[in-house]
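Student: I would like to learn how to read a protein model, one feature at a time. Could we work through an example together?

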Amino acid sequence: MTAIAEPPATIRSWGICVLMLLATMLNYMDRLALSQQATEISTELKLSNEDYSQIGAGFGLAFAVGGIVTGLIADRLSPRWLYPAVLMGWSTVGFATGWVTSFRELLVCRVLLGFFEAGQWPCALVTAQRMLSRRDRPLGNSLIQSGASLGAIVTPFVVLVLTSDAHGSWRIPFRVIGSIGVVWVVAWLAAFR
């Protein structure tokens, strides 16, 4: 039995993989901005350890549900539209986190963030599967996955640069990181046809 030859990935395909790497990076930056500033946020919003654990549990549960929901949708809808929809969802909620004033508002934001962020993986994987040959998928998926580590490396520096000792400066990283999602969506819609 002979294998069917598949064409190699194009420069455009690799460019889309880089966009997915950046989406993964933003995904982790939105997620990690909270833990990087937990002390300041807890102090300003008067969060107890129990409150903070409820926020983490809400995020985790919503992430699990969001992954299943997006997984069911990802095979039926084009990633050209689904991917930017989930990314705008999590970016909007990340941005809104910069405006919260209570535990309840923060909890709602984190639950919605978890739900939308879970869509990253079904969207990225189905896009890579449809766009890359079997031979190119391992490298493509590795490239996408590396965005998680890059996000974990970059987030502390972004938070450090954007915050100060001023009251409420912890809000700025959420607003900036959330705003970057709009730029990504424009780039995605221009690149992915």
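The dialogue below goes through a helix, a core, a loop residue and a pocket.

Tutor: Please keep in mind that this is a predicted model, in which local features need pLDDT of at least 70 and side-chain atom pairs count only at pLDDT 80 or more, while totals for chains, interfaces and linings use all residues. Residues are numbered from 1 along each chain as its sequence is written, and side-chain values use heavy atoms, with hydrogens and water left out.

Student: Which residues of α2 are buried?

Tutor: Buried means under 20% relative accessible area and exposed over 50%, with partly exposed in between (1.4 Å probe, protein chains only). Helices are DSSP runs (H or I, at least four residues) numbered from the N terminus. In α2, the buried residues are A38, I41, S42 and L45. They lie on the same side of α2 because they cover an arc of only 95° around the axis, taken from the directions from the helix axis to the C-beta atoms. The face turned away from this buried side carries T39 and T43, which are exposed.

Student: What do the buried residues of α2 pack against?

Tutor: Contact means heavy atoms within 4.5 Å, and the buried residues of α2 pack against α1 (11-36), α3 (49-74), α5 (103-117) and α8 (171-191).

Student: How many residues does the largest nonpolar core have?

Tutor: In soluble globular proteins, nonpolar side chains tend to be buried together. A nonpolar core is a set of buried Ala, Val, Leu, Ile, Met, Phe, Trp, Tyr and Cys residues joined through side-chain atoms within 4.5 Å. Here the largest one has 43 residues, and those with the most contacts inside it include I41 and W184. The helix α1 gives the most to this core, with 10 residues. Leaving aside neighbours within four places in sequence, W184 is in contact with several residues, among them L19, L22, Y83 and P84.

Student: Is S133 buried or exposed?

Tutor: S133, in the loop between α6 and α7, counts as buried because its relative accessibility is 7%. Not counting residues up to four places away in sequence, S133 touches E6 and P7.

Student: How many residues line the largest pocket?

Tutor: A pocket is an open set of points on a 1 Å grid over the protein atoms alone, where a 1.4 Å probe fits, with protein on both sides within 12 Å along at least five of seven lines; lining residues have an atom within 4 Å of a point. The largest pocket is lined by 16 residues, and E40 is one of those nearest its centre.

How values were computed:
Helices (H or I, at least four residues) and strands (E, at least two) are DSSP runs, numbered from the N terminus.
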